[in-house]
Amino acid sequence: MKRRKAIKSIGLGLTAGLWFPSALTSCKKDDPGPEVPYDGVVAIIGAGAAGLYAADILSSKGIKVVILEAGNQLGGRVRSLRNQHEITLQTLADYPVELGTEVVYGINSAWGNIIRNYNLTKIPLAVTATDQFVLDSEARTAADWGTDSDLAAVQDFVANLPTYSGADVSVQQAAGVSTRANALLNSLAANRFGSSADRVGAKGLAEALSLIEHDNTAYLIKTNPLQDIINSRFSGVLGKVKLNTQIKTINYAGEGVILTDQAGNLIEAGKVIVTVPLGVLKSGGISFSPALPAATTSAMNKINMDHCLRLVIDFKRNFWGDSTGYLWGGTEGPAYFNTGVSRSQFYRTLSVTVHGPKAKELSDLGDGMLDAVLAELDAIFDGLATLYIRKILNSDFTEGDRVWFKADWGKDEFFKGGMSYLPPGSSVQDRINFSAPINGKVFFAGEATDSKGDAGTVNGALNSAERVAEEVVLSILFA
Ligand SMILES: Cc1cc2nc3c(=O)[nH]c(=O)nc-3n(C[C@H](O)[C@H](O)[C@H](O)COP(=O)(O)OP(=O)(O)OC[C@H]3O[C@@H](n4cnc5c(N)ncnc54)[C@H](O)[C@@H]3O)c2cc1C
């Protein structure tokens, strides 16, 4: 928390958005110059939530920005199936199906505030859906499990996580639940936060959860793909995005910065904000000259980002229950989600989200990952998954390929994983240290740099954009 305190102490706090001392922000009618005078350009690498929001704030202050995005679309890990035009085969779902972010956390959170400004129907999951929990290959609601002590042990551990004060060990060691409940623990207290229970640190997770100041209501948007909401909210800066521009090097030895893209083109800027996923940075996807300071790399190396996979599978019939929300406790699929819950009468599409070593294992199976997941569902639902998976109907009315989609985030060189998390021995301070600005020229944002307990979410990405925009403005004003 050290850096945030330092900023507050000079009087530039953040509330709903950026504010600055009136002497610096007031413009006379006959002097409509930029709010923050700056001759240079701020280059922003990555057009996910963090990059777009940082660009939006800086632009609104009159600062010139350019956003360099490696991929061919905006939104980063906010990616909706309907927007993937190269996928011609579509699910039958008449509601948006997501390949990345699918749940919004918080009505008064950073992402919640954006959603609130649109008149969109929200589906609060706690009210409209009932989760099921898998133990002994059987799926039941908590009410139906009754007084099962293993389920209770996992639920207690999860409920008490924000106040966990035990040893700095993995979630699995900290919870110490019975072998029978391990997969359930993995689903609820680790996969949900970016990896497996033997890799996520209990203390780091607890610290983050305890820092969250907004309500943490989890909800879906009924009819709008989340990627469309991002595109709409940041429409003011979309013209400043250069797609298909993968930055390979950042040279910050001179007065400004010089970036090189994959085609060898040089882009000159005064400052650069790096918002690429942690996995890209850790795997050397961008090389820095001079090399990043040891303090940056050692903090960065204390934060992890593991493989991640999202599968979307269409069935001919819902065999898991119309009002089911999540199905927790699978081993192949730690989080099965009934994507249509309360959104449609067509409840026939399941999404499967896997983080950590299991995601890598499934990814290595190629299309065999579908069989692994179906086998698990068959074991829970007496063979109904294989029986009911939807298949394309050929022109001669025979059944063709099974209808499913995958987003292999871990394999994608622009992401290299799903979301950042803190392993044992790391703390939120490492996220702060990692994102410390370098020489007033190189800045970091993105969910992995969030210090408000929201890392690993869109909220974290948006929080980091507010923080980095303030840092950039301060570096200009106090140069
Ligand atoms: C499967 C999955 C499910 C999730 N579920 C939820 C959820 O339900 N709720 C929630 O709040 N969050 C969820 N998250 C997390 C959330 O999506 C992310 O935290 C958030 O979108 C990250 O935003 P960002 O701007 O930090 O990074 P990103 O969105 O990853 O944006 C970074 C951008 O940088 C680009 N890039 C990479 N390398 C380069 C380069 N060299 N040059 C130029 N550009 C580059 C990438 O293409 C990308 O567009 C989920 C994530 C995944 C993967």
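Biologist: Which residues of helix H14 are buried?

Modeller: In this predicted model, the buried residues of helix H14, which spans residues 357–364, are Lys358, Ala359 and Leu362.

Biologist: How wide an arc do they cover around the axis?

Modeller: They cover an arc of only 100 degrees, which puts them on the same side of H14.

Biologist: What do the buried residues of H14 pack against?

Modeller: Their partners are strand E15 (308–314), strand E18 (349–355) and helix H15 (368–380).

Biologist: And which residue with a positive phi follows H14?

Modeller: Glycine 366 follows the helix, and its phi is near 60 degrees.

Biologist: Let us turn to H3. Is it mostly covered or mostly uncovered?

Modeller: H3 is mostly covered, with ten of its twelve residues buried. The buried set consists of Ala49, Ala50, Gly51, Leu52, Tyr53, Ala54, Ala55, Asp56, Ile57 and Leu58.

Biologist: Which elements do those buried residues pack against?

Modeller: They pack against strands E1 (41–45), E2 (64–68) and E12 (271–274), and against helices H11 (226–233) and H18.

Biologist: How far does H3 reach from its first C-alpha to its last?

Modeller: Helix H3 (residues 49–60) reaches 16 Å, close to the 16 Å expected at 1.5 Å a residue. Glycine 62 follows H3 and has a positive phi, near 85 degrees.

Biologist: Which residues does alanine 465 touch?

Modeller: Leaving aside residues up to four places away in sequence, alanine 465 touches Ala50, Tyr53, Ala54, Ile57 and Ala445. Of these, Ala50, Tyr53, Ala54 and Ile57 are among the buried residues of H3.

Biologist: How many residues are in the largest nonpolar core, and which have the most contacts inside it?

Modeller: That core has 129 residues, and those with the most contacts inside it are Ala54, Val171, Leu184, Leu185, Val272, Ile273 and Ala465. H18 gives the most to this core, with nine residues. Both domain 1 and domain 2 supply at least three residues each.

Biologist: Where do those domains lie in the chain?

Modeller: The assignment places domain 1 at 2–74 + 234–303 + 422–477 and domain 2 at 98–218 + 308–408. Their centres, taken over C-alpha atoms, are 32 Å apart.

Biologist: How many residues are in contact between the two domains?

Modeller: Domain 1 has 17 residues in contact with 23 residues of domain 2. On the side of domain 1 that touches domain 2, helix H18 (residues 458–477) gives the most, with four residues. The residues on that side divide into seven nonpolar, eight polar and two charged.

Conventions:
Residues numbered from 1 in each chain as written. Predicted model: local features only at pLDDT ≥ 70, side-chain atom pairs only at ≥ 80, totals over all residues. Domains from an automatic or database assignment. Contact = placed C-beta atoms within 7 Å. Helix = DSSP H or I, 4+ residues; strand = E, 2+ residues; numbered from the N terminus. Nonpolar A, V, L, I, M, F, W, Y, C, P; charged D, E, K, R; others polar. Expected span 1.5 Å × (residues − 1). Buried ≥ 20, exposed ≤ 12 C-beta atoms within 10 Å, placed from the backbone. Arc of directions from axis to C-beta. Core = buried A, V, L, I, M, F, W, Y, C linked by C-beta atoms within 7 Å.
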